[in-house]
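Visitor: Please pick one kind of site and walk me through it slowly. I would like to know which atoms make it up and where they sit.

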Amino acid sequence: MDKTIALMLVLTILVVLPTVQLVFAAGTDAHEYVNRKIEIWNLFFKMMTIAFTVGAVVSGTLIWLVWRFRESNPNAKPTKYEGTDW
Amino acid sequence: MVLELQKPRPIWQIMFSTHHTDVGLLYTITSIAFFFMGGALALGIRAELFLPGTQIISDSMTFNRMFTVHGTAMIFLFLLPFASGVGNYFVPIMVRYKDMAYPKLNAVAFWMIPPAGALIWLGFADFTWYATPPYSAIRAPGPAADMWIFAQKILGVSSVLGAINFIVTILKCKHPDLPLSKVPLLAWSFLSASLIIIVAVPTFAAALVMLLTDRLGVSGFFDPAKGGDPIAYQHLFWFTFHPEVYVLVIPAIGMMYEIIPRFSRKPIFSQSSGIFAFVMLSIVSFSSWAHHMYATGMSFTEKTVFMIGTLAAVPASGMHVFNFIATMWGGRIKFATPMMWAVGGIALFFSAGAGGVANAAMPFDFITHDSYWVVGHFHLFVMGTIAFGSIGFLYYMFPYITGRMYNETWGKIHFIMSFAGTVMVFFTQHVLGLYGMPRRVYDYQPYPEYIVMNQIASVGAMIIGVSMVIWLINMIYSAGKGKEANMDDPWGLGGKYYFPYQAKNPHH
Amino acid sequence: MSGHSNWPEWIYVGVIIVLLAYVGAEAWNVERLVEHVPAEAEVIKVIGQQWFWTFEHADGTKEVGELHVKKGHAYKFEITTKDVNHAFNIHDYVVLQDAVAGRVNEVWFAPDKAGEFPIQCREYCGLLHYNMRGTLIVEE
Ligand code: HEM
Ligand SMILES: [Cu+2]
Ligand SMILES: [Cu+2]
């Protein structure tokens, strides 16, 4: 449990600090206008990178589960609950 | 539990009954009827959009009325009553009580739905299911608009009465030997959803009255010329209807919590995390309503608050997915029809959620707001997750309702067609939105990308339509002529899995 | 519950929260950037009504259905409506803002490509909502 919390802390810092830096570094160069089209579509592509990565993991897991634990799989064995009153 | 349709009772005996399984049956049949009616409108919409220009619907007003009634019917006359039907069947049995806490109130709540449905369908309003003023107050043609308002009023009362009944049944009538922490997650889902209803629905109820008096010209709550504010309506509306989306999805998740362990032959991975996630969802469902209003001119601060509030709902939804996956892990899974719908629903639930996170990111709204992206996104929930869970659950209840089995092969064909169709329609609609196609439009510019994607979506919709007809025939035929179910274990999972449902509450 | 440990679930929830924090921070930052209107942006009044758009430039000239602007200049739209709500949308430039009765809503952009771009209404506004279109013409 403690380890998990430590891990989370490290991860959070790794993400938050660079973002904060980015925020305060930007906007100094006043001459070029911000291109909203590029900024917003970039955000979209970043989000889709995350979504499709996580999606690959989740649906990969789901497909593997379905394949591995279907009752017709040769490796399928009865669960310890079968025939009991759970 | 078994209704013994083999020994038919006269129809009026079911109609005037207050027994929970009879009311449950009425809810279920009514909701399915409206599902088919609303679905027919969807197919009409998709046929019209197959090509640019006018196809089968001669004017845009008719088209606008069609998507309005489609949306209203699907949410209020299909999803909500269907959930109530399931709750009526299962909640009393799961808390080991003889009936709902207030059986007469229960029947009254059901009987408010048919007249409301009639008002919606006979009026055929055009102001979308949001009914946003000023349009709804000053331009939307009556009497359709007024009939819609009255119908919503009735449905709101029905919903609150039903919610009170579920809450009292679970908290007060539960068997003393049964601690709340052991109440099955399906019943917990009704407790959470009902609590949301009680808190959320009143603001829309108020907004409806104001809208009606605005329409009558005696007030100007939403009219800037009279000192009102149309944005106020949107806040009242979304304060009800953002939480309401959780009212829809939570029982569907509860249904999956019932199906997945049964067919995995394993108990739920973690009952406590399921309960925790339900309670979390019912709380955070109230922290995000204005994410629907980013484009109305909200300040940066407001947008930020509602973005964070929206993202806050994600971990709890993710916990449910985790719980499903962990339950299936190490099981011996039988892919009978209900299980296929549940697992397909989980996959689409994830996609819908990922799209939701993107929607929450406020700048992204400049691309997607009120575009087809939104239509694709929320249909992954309403169709992909909630309707899938519900349809799977109806297959699951079928032997208990009728004493007979549905046809398994056709059930699987139904699932595969619907799944493929759903992916075709609603994933394509996301892309259409990215290309800029607005929602609620009768026609679109003849860009080649628009045409191709609209055609993919329309073909997908027809596939869903055909599969639903297969379903209907399967249900009707099997209810009368299907082979008799082995009531101890309809799916051959090994006898004792079904013990909670052997219980039968005598008719009174 | 029932004796097993839940640490995989906590890690999973942790990862979700980290990802959400990242998306939230990025979104916050982009919103901050695109909301900052440059001081020299020229005001264009946009008036929506069933079912067409009227534009009024800073020098008082009016256009209906068409909007002429210059490449490389910044413009601030002040959006209103004469009747019901609409939404002013130039999808190619990711410009979108509701026209709400009784309010003036703002959004700005600086076109970086010359050409013609569709303008459309993105908020349901009745009978001819689907056809409430216009054209943005960006000149060199
Ligand atoms: C056969 C499956 C379905 C198809 C092909 C379909 C198709 C459509 C289409 C084409 C629209 C119009 C979108 C627009 O112009 O903005 C729409 C709107 C809508 N649909 Fe569906 N739909 C289906 C199932 C459902 C289900 C199961 C639900 C809910 C339970 C639902 C709820 C809605 C809602 C709330 C709207 C919005 C109506 C409005 O704009 O006011 N749909 N649907
Ligand atoms: Cu919402
Ligand atoms: Cu419009």
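Guide: Happy to! This is a predicted model, where local features need pLDDT of at least 70 and side-chain atom pairs count only at pLDDT 80 or more, while totals for chains, interfaces and linings use all residues. Residues are numbered from 1 along each chain as its sequence is written, chains are lettered from A and ligands numbered from 1 in the order in which they are written, and side-chain values use heavy atoms, leaving out hydrogens and water.

Let's start with the copper ion (ligand 3). Its protein donors (N, O and S atoms within 2.8 Å of the metal, or 3.2 Å for Na, K and Ca) lie 2.1 to 2.5 Å from it.

What shape does the site of the copper ion (ligand 3) have? With 4 donor atoms and angles of 87 to 129° among them, this site is tetrahedral, the term for four donors with all angles between 85 and 135 degrees.

Now look at how covered two of these residues are. C:His129 is buried (under 20% relative accessible area; exposed is over 50%, and partly exposed in between, with a 1.4 Å probe and protein chains only), at a relative accessible area of 2%. C:Glu123 counts as buried too, at 11%.

Next, move over to chain B and the copper ion (ligand 2). Here the coordinating atoms are ND1 of B:His242, NE2 of B:His291 and NE2 of B:His292, at 1.6 to 2.1 Å. Water is not among the atoms, so sites may look incomplete. The donor residues of the copper ion (ligand 2) are spaced H-x48-H-H in sequence. B:His242 lies in helix 9 (residues 230-264) of chain B, whereas B:His292 is in the loop between helix 10 (271-284) and helix 11 (300-311), so this pair ties together parts that are 50 residues apart in sequence. Helices here are DSSP runs of H or I, at least four residues, numbered from the N terminus.

Are B:His242 and B:His292 buried or partly exposed? B:His242 counts as buried at 7% relative accessibility, while B:His292 is partly exposed, with a relative accessible area of 25%.

Notes
Tetrahedral: all angles 85-135°; square planar, octahedral: opposite > 155°, others 65-115°. Helix = DSSP H or I, 4+ residues; strand = E, 2+ residues; numbered from the N terminus.
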